Structures are given as structure tokens and as C-alpha cells.
Amino acid sequence: MKLYEFEGLRILSKVGIETPFFVMTSDLDAVKQARKRLKFPIVAKVQVLSGNRGRRGGVKVCTTEKQLTAFAREHLGKEFNGEQVRFIALAEKVDIESEYYISITYDTALKIPFLLFSQKGGVDIEEVKKANPEAIIRIDFDPLAGPIKKDLEKIFRGSTPNRGRTPKEDRLIDFILRLWDAFWRYDCRLIEVNPLALRRAQSKRGSVNGEFDYVAVDAKIILDDAGLARHRDLDVLSKGAISAIPSQRELAAKKIDEEDYRGSAGSTFIELDGSPRGEAGDIAILASGGGASLLVMDAVIASGGRPANYTEYSGNPSREKVEKLTQVTLSRKGLSGCLVAGAVANFTDIYETLSGFVQGLGQIKPKPDYPIVIRRGGPRQKEAYEMLRRVAKKEEYDIHLFGPETPISVACKKMVELSNQFKVQSAKFKVNGKK
Amino acid sequence: MAILVNRETRILIQGITGKSGMQVTSELLDYGTRVVSGVTPGKGGQEVDTVPVFNSVSEALREAGPVDVAMIYVPPLASYEAAVEAIEVQIPLVHIFVEKMPVFDTARVIAHASQKNVRVLGPASVGAISPGEGKIGSVGGPAPDAVFSKGPVGIISKSGGMCSELGLLVTNGGFGQSTVVGIGGDLLVGTTFVDLLLEFEKDSQTKVVVAFGEVGGSAEVEAAKVIEEGKFTKPFIVFLAGKFAEKLPHDTALGHAGAIVGLEATMEQKIKILKNSGAIVAENFEDIPKLIKKVL
């Protein structure tokens, strides 16, 4: 789960990392109130999940109330790079001496966490990699031991002529150790601070005393979804699969798995409704399996169909989980087909899961009259199909069944054809109805 | 010959008294695989399908004899400790079936394992089957013979479902399999495409390897590297799924935790790198048997 900047900064504060003082606002009244707690200049930052916020005008240093109100009015509740802005953070301005970049994430080939530190902060790391690769230091971590202080000292102090106490470097090493603490303690997949600011520390009387400290001016954190189960106390907002604000269906689908770890259904639900991104579709997808679901989506699109969503259930989820996911998926209006497809299952009970599908289907109002294509194989598939035939006859569902002898892509193609026919027929019906 | 599992393989199951633990035990016994012991702390002295249950791994080894594989069927947040218990006593292969294991736990398990010279398969791995020989994990479920058959094709997939789907496709195309391995779709996995290619290279039964690749991650790119370096010399056929996701914004996560849009190479880059290395990229999934025929 990707976090907002302010959620990330709060996590960093928990491990003792310095962050700028900020106040969160979600309406103009709050902006007015917050203004009283801050001195100008105030840095106003829209809270969105997409990158390059600064370059797109989402960050503004305001020196007057007028500027601040104008910025808030321009962005609050409005769309920014395809995302609705729910919050603006108002932060104190940090006097930056120099800017750096720092991040910790996993190397999937070496299977270890590693740190990147760049002398060039405030710019996209990918650009630095191209233009100034020598400015980047990479340090690999043993996940069992974490960063070793002595090694860090060697790396960051080794080259300085003065081998004695160098407060600046010590502060940086302290920052890295704390960043690592946040990384593993909160099960992060990525933690990135850009810019990391070196600030001349001020004494209480405001005079500069030559000391430095490091401040995380920004924070980008992606949490490991599998780790969320042990951070129930973590105060973060639910996020959509694509945009920051989840659709009702995305939220409802995610909830299904939260209560029971056995088998997954709906952990990943992507609403493809044409907004803010992605094309709108009309074929509901209930795919099975992380791999097969990709194949199914590709095959539907290759046949000219447009999926209304992406979701999958796998790992032998209970009947109830599939029932809930079916309800969530088919609650979408304007569908012209429903595709239940997956590979030949190893240990997922097809009878149980498809019984869940039928239970969910039975609760959809109005009763679905669009074609339903099912392609599955695996344990108890034959029993499941007998049950489906009975239900289809009784309830007059337009169900088309395919077993493992039919390739997934053929079933997907059939779905698209049936859905097209359905659309033509309902259009005709509408025209005739008018007459 | 086959890889990872054969007729002689001896297995211990951690979490054997749970629902999926009991189910996999009976499936393995039905297939003729030797399940010699099981572990569930606090349930020592019980039996599951004639397999004795012990309170700890070391007790199980002492009482029921050594094993080649430990299979982990416990809840996600308990899997770290279970895996470390098996690694500490150096069981050569630790198979983690568990899904939704936190990535930090996985990283630590892999680090432990490399210190102890233990191979980890998974997490979220469906297992491995050498048709007609033996199997580990839940691959093929209760009826593996319905999809798998013995022969010269090695199969690798992150996805468990696609292991069976590929097995069926290849079997229906008239070819059997040496070993079919589901490596799991998580961000980090103990055994990668590359590790298996190197095993398949040594295996005389395997004449060609087929893999199901996905959007995100670097597994296919790493595989291309070992082909280019001449470390894997047999024909390698790969199909890539998830093209639709390239239109979605970066960082969008799909069903597999490792299938993340924009993570490392794009689909187009993967295809190019694979083709340049000499790998055969299957345009359509159903073309795979035809491609096997061509290279055999």
C-alpha cells in the first residue's frame, strides 16, 4: 500500500527522524485555522500518490495569506494528475543547506534490502542514475543484521581528511540507522526520502552554532500488504488500487480478506471505470490465480473486449469469500457479461468456490440477464458444473460452461462474442421498446 | 532423473494438523510420496493419515529419521519461525507453501538459508512434481495424473494454477514433463527461474524448459543472462502474461505480490532481452506444444 506523504512522515517521526512541522487541512476553514499555527513562508503541498508533484505545481511556498488561500482553493477537492486532492499539508519551510536523496528497498535478484544515497537530492533518482551515476552510493544490507555502524562510518567518513569526530557524517549515519528501523519495523517495501535536507541547526536563541541535522522534507513509503496484519494500530487511510481514493467496490473487495487469511479473494481489485485512468469496460472479471488472471485479462483485451475490473481469488478461499467478491464485482451497473476463469486448480475446491459464485449471483438485483462464461478445472469441477447447469436452468441464467479441455483464451474469446451479441440485442430491444 | 524431488525423497510437514496440512498429507501419500513425519507444536503424539506428529522439527528427525524436504503449511505470521526451525537443522530443501508471508520475513529466511546452505522454494509456492516419481506441496492437487505425465519438458511458473494449466497443455500436446515447479509469485522468492534453469541444465531427462513469465520483476531478464553466458544451453520457451497492465500506472500491484507494474523491466524490454538471448517467446499460450515440437 502506497502512503500519502503525511502518513509517511508520521512513520518517520515514530523512529525519531526529524520532519518539518506540518498541519493537515482538508477544507478552507482548516487552512485558516492552520495558518495561525505557522509562520510565513508556509509550504503548501497537495497530498497525492503520484510522483513529480513539485514539477506539476503541487507544491508552493506561500508568503502571504492570499497566496495560501488561492492555492488551497485551486486544489482542494479538485483533480491533480488524475487524482482528487483530499488534503493539503501546510508545513514550515526548512532552511536547506544541501539536498540529498536516500531510499531503502528490496533487490529482487539478490533478495536483500539495499540503500541508495545520492549527493543530488530533490531530483528524480532515475535522472541522476543517467547523468551523474558517480553521485550515487549503494549499500547492501544483510536483512538479519541490518546496517553495521562501523561499515557506514567507513563509507561516509573514510574519505574525509579529518578522521576525528565529524558531526555531519555522524548525523547522517544516525539518520540511516533510524531509516532502517522504520523500514523493517513497519514492513515497508520502499521508503524514500527526497529531498533529505541538511539543515544548519539553530540554538534556542536562534543563533547558528555550526551544528547540522538532517530533516526528511518528503517521504514516499510503500507498505508490504502482507505485513499489514501485524500493524493494525497503524493509522493509514485505505487506498484504491490505482488512484488514492478507492472506489466503493475496491474498498468492499479489500475487506473480504482482512478478516480471514485463508485463501484470498479481492485483495487486489482494480476498478476499470474510465476514471481517473484506464479504459472503462463492461465485462465483469472474476479470475482465479495470480498468473491465470493476467492471461485472462490479456486474452479478453486481445479479443476486443473491455474488462470492467481486474480481480482474482485463489488459494482455496471459502465459499463465503467468493460469494462476497461476486456481489462486489457484479454490483457494477451496465455490465454486458461476466467471466469466471482460471487455470486448472491444484487445491482450490471448485465446487465450493463456484457455489459461492452462485450464492453471490443470486443476490444481484436486477437478476443478471447478460451472458456468463465459466472456464475452470481442478478438484470437484465436474460436480460444480452439474450444480451450475441445474441452477442455470432453474434461474434462467445464460451460463456457458467450459472445462480444462478448452483453452483459457478460447473461453475469453467466447465471452467477448457473447457480450457483443448481448449488447446488439439490448440495443434492439431498447429501440423496439420506444416504438 | 528429474530435479528437486524423486522416488526417494523423504518429507516432513510443518503444520500437518491444520486443514491444508492434513489435505496435502493424504494427497502425497496417495501419490506414493514418502511423508515420514509431521510437526505441530503441542500436538506431538497424534497421527495424521498414519504419519506421526511431533512437537518440534528436531524431535521429528530424531524419532522418525532424516528428511530431504520440510514443507511449511502454517499461518503467514508463523511461517518465519517454522522455516528457521527447519533451516537450523539443515534440512536441504525448505518448501514454503504459505501465502501472504511478509517480505521482510522472507528476506530473513532466505538469508538464514544461504548461511546454512539450504534451498528455499517459495513462499507461496504450490510445490514441485516429477511425474511418476514424487511430488512436494500441493501441485496437481488430489489428481496430478489428470494433468501431468512423465517426459522431457521442464516447467517453471510463479503461479500454481499455471503449473497445472501448462502441464495439461503440454501433456495434451503429446509431451511429458521431467519436473514442474511453482516458485511463487511474491516479491522475493528463495528459488528463482535462474536457479531452476541451472538444475534443469544438469538433468539428463530434461530436453527443453517452458516457463510462464509475468509483468514485473526481473526473473525473465536474469534467465536471459544465464542463457547468454552459456550456463543454460537447452531450448527455453517462455510465455509472458500481463500485457494489459502496462497501461496502468506504475506501482499498481496485481494478484501476485511480485507482479507490479513498472517494477524493473517492462514487458517490451523483457521480450527483447529474452529474444536476444536466444530464448523462444511464445506469442500465444496455446502455441507452446507446437514450439516444443520444433525444438525437440
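Hi everyone, let's start with a record: UniProt, in an unreviewed entry, places the feature "active site" at B:His256. UniProt positions are given here in the numbering of this model, feature names are shortened, and annotations may be inferred rather than shown by experiment.

A quick word on the model. It is predicted, so local features need pLDDT of at least 70 and side-chain atom pairs count only at pLDDT 80 or more, while totals for chains, interfaces and linings use all residues. Residues are numbered from 1 along each chain as its sequence is written, and chains are lettered from A and ligands numbered from 1 in the order in which they are written.

Back to our histidine. B:His256 sits in the loop between strand 13 (236-241) and helix 8 (267-277) of chain B; helices (H or I, at least four residues) and strands (E, at least two) are DSSP runs, numbered from the N terminus. Is B:His256 buried or exposed? It is buried, because 28 other C-beta atoms lie within 10 Å, and 20 or more count as buried, with C-beta atoms placed from the backbone.

Leaving aside neighbours within four places in sequence, B:His256 is in contact with B:Lys158, B:Gly185, B:Glu214 and, from the other chain, A:Gly290. Contact means C-beta atoms within 7 Å.

That brings us to the interface. Here 58 residues of chain B are in contact with 52 residues of chain A. On the chain B side, helix 4 (103-116), helix 5 (160-172) and strand 12 (208-214) each supply at least two residues, and helix 4 of chain B gives the largest share, seven residues.

Now, two helix pairs in chain A. Helix 5 (residues 149-157) and helix 6 (residues 167-185) of chain A pack at about 135°, with axes 10 Å apart; axes are lines fitted to C-alpha atoms over the stretch in contact, and angles run from 0 to 180 degrees between N-to-C directions. That makes helix 5 of chain A oblique to helix 6 of chain A. Angles under 35 degrees count as roughly parallel, over 145 as roughly antiparallel, 65 to 115 as roughly perpendicular and the rest as oblique. Among the residues that meet are A:Leu152 and A:Phe156 in helix 5 of chain A and A:Leu172 and A:Ile176 in helix 6 of chain A.

The other pair is helix 2 (residues 28-35) and helix 3 (residues 65-75) of chain A, at about 150° with axes 10 Å apart. So helix 2 of chain A is roughly antiparallel to helix 3 of chain A.

Technical notes. Two residues are in contact if their C-beta atoms, placed from the backbone, lie within 7 Å. A residue is buried if 20 or more other C-beta atoms lie within 10 Å of its own, exposed if 12 or fewer, and partly exposed in between; C-beta atoms are placed from the backbone.
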